[in-house]
Amino acid sequence: MSDPRLQRMSPMENTAIGLATGAIDVSTTQWVLYCKNASQQGLPLTMNPRILYRGYTMSLTNMMVLSGLQFPLTGLAAGVMTGGTARKLSDMEEIGSGFIGGVLSGFICAPMELVMIQQQRYGSALFATPGKIIADNGVGILFSRGLAMSCGREGVFTAGMLGLGPTLRRQAEEAGYAKANAAMLGALGGGVVVATLRAWIST
């Protein structure tokens with residue numbers, strides 16, 4: 001968002017970009033997510049793809065909805081910061097609008113992620129899992145368990161993806177780096193910071 005492209009895009013265009021990136025993300029990393037959750041819960045690791053991809057449908061839905069929301073929500077936050085004027089954001093506005101968009105998306109992420117984790121743990125069916133969770137713990141559990149961590153994690157992620165990374169890329173270009181090298185530096189720098197903070201939040 002170093003330039004006003006996301007602000008110029010329609011909500012539908014921003015959402016379509018988010019949906020596509022979410023689908024690619026989950027399809028390539030779901031097995032890593034299972035291994036992470038399994039290690040945290042003391043479950044055995046496996047190479048069986050039927051187990052590694054437990055909860056894939058819910059995870060895919062979660063990520064596509066999240067990514068589909070984070071782009072327009074970030075664009076909305078940026079629009080509020082600029083008063084609706086199409087202009088370049090400051091570094092802090094850019095990172096801050098990404099953080100706000102991510103935090104807001106966390107309210108949608110938390111219940112879907114809870115369902116996905118329960119599917120991974122017990123191998124239960126997609127549509128049976130939410131009903132069992134509600135029956136055992138009440139509907140409030142969907143929005144109370146892990147909500148703060150989900151909002152914080154998604155806020156950090158979106159701030160990095162749509163804020164810090166582009167900011168670092170632009171600063172590298174201004175320092176004289178070629179566009180390709182600047183883009184790589186922005187992605188690597190933003191990725192390292194975000195991965196470190198997300199790992200800390202998730203532990």
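A: pLDDT is the predictor's own confidence in each residue, running from 0 to 100. This is a predicted model, so local features need pLDDT of at least 70 and side-chain atom pairs count only at pLDDT 80 or more, while totals for chains, interfaces and linings use all residues. Residues are numbered from 1 along each chain as its sequence is written, and side-chain values use heavy atoms, with hydrogens and water left out.

The chain has a mean pLDDT of 85, and 94% of its residues get to 70 or more. Helices here are DSSP runs of H or I with at least four residues, numbered from the N terminus. Confidence is lowest in helix α1 (residues 5-8), with a mean of 60, and highest in α8, at 91.

So let's go to α8, residues 147-174, and its partner α4, residues 56-82. Their axes (lines fitted to C-alpha atoms over the stretch in contact, with angles from 0 to 180 degrees between N-to-C directions) sit 11 Å apart at an angle of about 65 degrees. The crossing of α4 past α8 is right-handed, meaning the near helix is turned clockwise from the far one by less than a right angle. On the α4 side, L66, Q70, F71 and T74 do the meeting; on the α8 side it's E154, F157, T158, M161 and L162. Sorted by class, that contact holds 5 nonpolar, 3 polar and 1 charged residues.

Further along α8 comes G165, which is buried at a relative accessible area of 11% (buried means under 20%, with a 1.4 Å probe and protein chains only). G165 touches G160, G186 and G190, skipping residues up to four places away in sequence; contact means heavy atoms within 4.5 Å. A187 is 22 residues from G165 in sequence, yet their C-alpha atoms are 5.3 Å apart.

M112 reaches M58, T61, N62 and V65, leaving aside neighbours within four places in sequence. Q119, in α5, is buried too, at 7% relative accessible area. Beyond four places in sequence, Q119 touches R54, G55, M58, S124, A125, L126 and T129.

Technical notes. Helix = DSSP H or I, 4+ residues; strand = E, 2+ residues; numbered from the N terminus. Nonpolar A, V, L, I, M, F, W, Y, C, P; charged D, E, K, R; others polar. Buried < 20%, exposed > 50% of the residue type's maximum accessible area, 1.4 Å probe, protein only.
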